[in-house]
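Me: I'm new to reading protein models, and I'd like to know where the labels come from. Can we go through this one together?

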Amino acid sequence: MRALAQFAMRGPLQASGVAAVATALPFLFWIGAAVVGLVTLRLGLSQGLNVGLWALLPALGWSWLGNDPTALFVLIQVFLMVVVLRTTTSWEKALLTGSGLALVTGVLLPLLFPQLLKDLVNTGIAFYQQYNPDVASELGGRLESVFRQVMSASMAGTYQLLAVAVLILARSWQAALYNPGGFRSEFHALRLSRPVAVLCVAIMFGAPLLGMNTALVSWAAAVPLMFAGLAMIHGIVGVRNMSIQWLVLFYLALVLLSPSLMLLLLILAFVDSWLDFRGRLKPSEPAE
């Protein structure tokens with residue numbers, strides 16, 4: 001992957017070619033978005049926009065001809081978050097930007113891609129009526145409305161997660177090429193400020209009262225806490241000079257024990273905004 005990033009940074013022609021080809025190929029749109037992010041982070045808004053326009057063309061093709069807006073929404077979100085990160089050098093603001101874009105995406109999806117959403121809702125309803133007929137019967141006419149909200153939230157939330165992951169990839173590429181070790185220390189230090197942590201939690205619990213898509217609003221507000229929690233875990237492992245196997249075990253547990261472990265991670269990230277667990281730990285001496 002580093003070799004691909006080096007090739008893309010040889011010049012605008014190479015970067016535009018990699019971004020366009022990767023976005024046009026199935027399941028490789030994230031590479032195109034990462035290249036756009038890397039160019040923007042390193043060379044600025046103007047150069048990133050020039051490369052991004054070449055990636056935008058196949059993304060639009062996937063959206064309108066393939067009825068799959070994933071590449072389009074991820075590309076736009078990555079570009080905007082990268083601009084915020086480059087301008088402010090704040091991961092917190094970049095993550096909050098992603099949350100805001102997720103909310104906008106959830107609103108736009110039914111308007112721009114009604115047929116896609118309708119097909120997904122009908123598939124979900126058919127599945128639910130077959131495997132859980134009692135609950136489907138209890139919901140009655142509300143079943144379609146519930147599934148419409150769930151599908152919008154799941155799609156927007158997925159795009160948000162992909163965009164943040166691609167942003168991390170682009171930043172790690174930049175560090176690997178121009179500032180070795182910079183991304184590691186930057187990510188390990190990521191911690192939400194107290195007002196932002198309180199805001200995220202307040203939105204999560206107040207989502208049902210806002211009159212919006214509860215699943216979408218709650219998920220968008222939880223993502224900054226989630227990545228702050230992951231940074232906290234990575235930071236603790238780094239401070240204590242622990243083996244990478246601990247991170248592997250953590251992610252395996254996160255997959256196997258979700259959502260319980262995920263909820264615990266969100267709580268710890270919130271508490272970390274006050275207590276700063278990493279700052280309280282003494283660095284461990286490397287084993288001889």
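Me: Leaving aside neighbours within four places in sequence, which residues is Gln174 in contact with?

Reply: Those are Leu38, Leu41, Arg42 and Asn179. Keep in mind that this is a predicted model. Gln174 itself is in helix H9, which covers residues 142-178.

Me: What makes the pairing of the Gln174 and Arg171 side chains a polar contact?

Reply: The cut-off for a pair of N or O atoms is 3.5 Å. The side chains of Gln174 and Arg171 come in at 2.9 Å, and they're listed as a polar contact.

Me: What does Leu190 touch, not counting residues up to four places away in sequence?

Reply: Trp91, Glu92, Leu95, Phe227, Ala228, Ala231 and Arg278. Take Glu92: it's 98 residues from Leu190 along the chain, yet their C-alpha atoms are separated by 7.6 Å.

Me: What makes you say that the buried residues of H7 line one face of the helix?

Reply: Start with who they are: Leu116, Leu117, Val121, Gly124 and Ile125. Seen down the axis of H7, they fall within an arc of 160 degrees, so they line one face. On the other side of H7, Thr123, Phe127 and Gln130 are exposed. The cover over the buried residues of H7 includes helix H6 (91-112) and H9.

Me: Now the whole chain. How do you know its radius of gyration agrees with a compact globule?

Reply: For 288 residues, a compact globule would have a radius of gyration near 19 Å; this chain has 20 Å, so the two agree. Buried residues make up 44% of the 288.

Me: And how many helices and strands does the protein chain have?

Reply: There are 15 helices and zero strands.

Conventions
Residues are numbered from 1 along each chain as its sequence is written. This is a predicted model: local features need pLDDT of at least 70, side-chain atom pairs count only at pLDDT 80 or more; totals for chains, interfaces and linings use all residues. Side-chain values use heavy atoms; hydrogens and water are left out. Helices (H or I, at least four residues) and strands (E, at least two) are DSSP runs, numbered from the N terminus. A polar contact is a pair of N or O atoms within 3.5 Å; within protein, one must be able to donate a hydrogen and the other to accept it, and residues adjacent in sequence count only if both atoms are side-chain atoms. Contact means heavy atoms within 4.5 Å. Buried means under 20% relative accessible area, exposed over 50%, partly exposed in between (1.4 Å probe, protein chains only). The arc is that of the directions from the helix axis to the C-beta atoms. The radius of gyration is taken over C-alpha atoms; the globule rule is 2.2 Å times the number of residues to the power 0.38.
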